[in-house]
Amino acid sequence: MTGTEDVREPFEVRPLPVGFRIADWELGAVIGSGGWGTVYEAHAVGDDALVAVKLLPTGALAPGQRAALGELVASEVRFSTEADHPNLVRTRAVHTVEAPGLDTWDGAIALVMDHAETGLQDVLDAADTGRPIEHADRVLRGVVAGLAHMHTARRVHGDLKPANVLLGPAGAVWLADFGLTAELDGTHAHLPPVGTLDHLPPEWWSQRTGIEGAVVRPTADIWAFGVLAHQVLTGGLHPFPGATARARSLAAQTYARGTAPLRLDAGLPEGWRRLIADCLAPDHATRIRHTADTLATRIERLTDSGVPRRRRRLLPTAVAALAVLAATAAGGAALLQDDDSAGNKGGGTPAVVTDVHTTPTAGAIPADSDVPDELRPVIESAARRCTDAEITPALLAAMIKAESGFDTKAARPASEEYGIAMWTPAVFRAWAVDGDKDGDKDGDKDYMSPPDAISTMSLYTCWLDQRFKQEGMSAKDLPALIAAGYRTSDRSVIEEGGVPEAVRPHVKKVLRYLAEYEG
Ligand SMILES: Nc1ncnc2c1ncn2[C@@H]1O[C@H](COP(=O)(O)OP(=O)(O)OP(=O)(O)O)[C@@H](O)[C@H]1O
């Protein structure tokens, strides 16, 4: 899981005492502090119902800071009082603090808001990595609906991130923190050059930040939504690799320049993968097609069953794939359509599966196979990391058997291949997954550990599968192509237009084992 790093210094001043009165409100404990304010619990005098009071001080700051802050405060107050939508936090009142003798607070602005139960960042911090958070669909629907409302009102949020999504009573989802919200003037607005690195679009870095600040457009919020959706659906994982926000931001820029592919978490359902990839289109011009409104409609369709679905499609039989490898006709192979009913391809098309035995256990490892018992759960859980139908426990098991014969200590030093999945250490490092959950530092991912090696194999084969599908390669050949790509590379398979000669014996072996496992 990744935390967030802010480019601003945290706001630090002495808090006001519990019981301090602002108009009819009595302050309680501090909930937290952000870039330019502190939020307190509070209640109306004579009423126990909680509210949240955000205090935005304008005094006791260096003159430069004061000017910038003044504008932000004005923006936050202006938008907060205008905002009227179930997915934007409600501001009940705005007061000016009277505290003579308390320089920091005298003249501060107090926004009295509905009280949230928690924030999305806290939920992500406590979440299981790799799985959607509870009620992920509801949260994402709420966020995108709030965003759509803002964009229709010609506003850009400008600082969308999990810390600015509040979760209220009865499942309420509220966007909050409108300090960086800007009014659109033509197609863009100007914001002071601040924000959170983790959710800034890559084009932000190449924009000049003149006296008016950086240009922001609604597409910046769409990028931030893509990052946030990825985090919500994976228990907090950022879509770009890196241990710090700066490193992740550099990775996003490298991707935007076209020098690295977008590698979203392999566990994402296909429809969500498409939607997030659209939000993370590399520049403003390609992202502009995807508005908060169109995303909201797609999300409605993706989540109409109430939970983000982790659907599996059924696979072509290995027997048919073997036949294809042998260059015989494979007329009986299943042709599978994409199951993204809300994606870019027109939507509404259900998965079509023909001529295949639709057992719920398609691709499972049979009980009487030679796969060692202790490896079965490891392989099954690794396969679940990929929702593409071709990456099944049976395929991973067949590949492992062909690679190492299930020998956890296998080693081929001459070709630098080690462990049960025969990883080359340098390649492993680029893809490594912490399958045994013994930590999240790079050093804890070990190609000699079967869970790490097999989980990483699943991630890598999932990516190969998607590459070959993008290239329009035949669905029925995918198991063979994946086994070949794992032995060589995606590029050599694509250039060859099939299984390269040198690895045909190996691929035949994989397909034979796969046929045995699939019965
Ligand atoms: N209406 C609210 N109800 C309950 N908690 C809130 C409310 N508004 C903000 N908070 C919490 O108060 C803390 C500080 O919020 P604040 O908006 O000042 O900063 P931030 O969002 O963490 O950072 P920044 O403002 O720098 O982007 C956060 O933990 C936030 O979840």
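**Strands and their partners**

Student: In the hairpin of β3 and β4, which residue takes a positive phi?

Tutor: This is a predicted model, in which local features need pLDDT of at least 70, side-chain atom pairs count only at pLDDT 80 or more, and totals for chains, interfaces and linings use all residues. Residues are numbered from 1 along each chain as its sequence is written. Five residues lie between strands β3 and β4 of the hairpin. The one with a positive phi, near 80°, is Gly46.

Student: Which residue of β6 stands opposite Ala52?

Tutor: Strand β4 also runs antiparallel to β6, with six bridges joining the two. Opposite Ala52 in this pairing stands Met113.

Student: What is the bridge partner of Leu27 in β3?

Tutor: Strands β2 and β3 run antiparallel and are joined by six bridges. The partner of Leu27 in β3 is Ala42.

Student: Which residue in the hairpin of β1 and β2 takes a positive phi?

Tutor: Strand β1 (residues 21-22) runs antiparallel to β2 (residues 25-33), and two bridges join them. In this pair Ile22 stands opposite Trp25. Two residues lie between the strands of the hairpin, and the one with a positive phi near 50° is Ala23.

Student: Is Lys54 buried or exposed?

Tutor: UniProt lists Lys54 under "binding site" in an unreviewed entry; such annotations may be inferred rather than shown by experiment. A residue is buried if 20 or more other C-beta atoms, placed from the backbone, lie within 10 Å of its own, exposed if 12 or fewer, and partly exposed in between. Lys54 lies in strand β4 (residues 50-56). Because 27 other C-beta atoms lie within 10 Å of Lys54, this residue is buried.

Student: Why is β4 largely enclosed by the rest of the structure?

Tutor: Contact means C-beta atoms, placed from the backbone, within 7 Å. Not counting residues up to four places away in sequence, Lys54 touches Gly37, Val39, Leu111 and Met113. Strand β4 is largely enclosed because the number of its seven residues that are buried is five.

Student: What distance separates the C-alpha atoms of Gly107 and Pro57?

Tutor: Gly107 lies in the loop between β5 (91-96) and β6 (109-114). It counts as partly exposed because it has 16 C-beta neighbours inside 10 Å. Gly107 and Pro57 are 50 residues apart along the chain, and their C-alpha atoms are separated by 7.1 Å.

**The whole protein**

Student: How many helices and strands are in the protein?

Tutor: Of the 519 residues of the protein, 49% count as buried. Among contacts between residues at least 6 apart in sequence, 63% join residues at least 24 apart. The protein contains 16 helices and 15 strands.

Technical notes
Helix = DSSP H or I, 4+ residues; strand = E, 2+ residues; numbered from the N terminus. Contact = placed C-beta atoms within 7 Å. Pairing = 2+ DSSP bridges.
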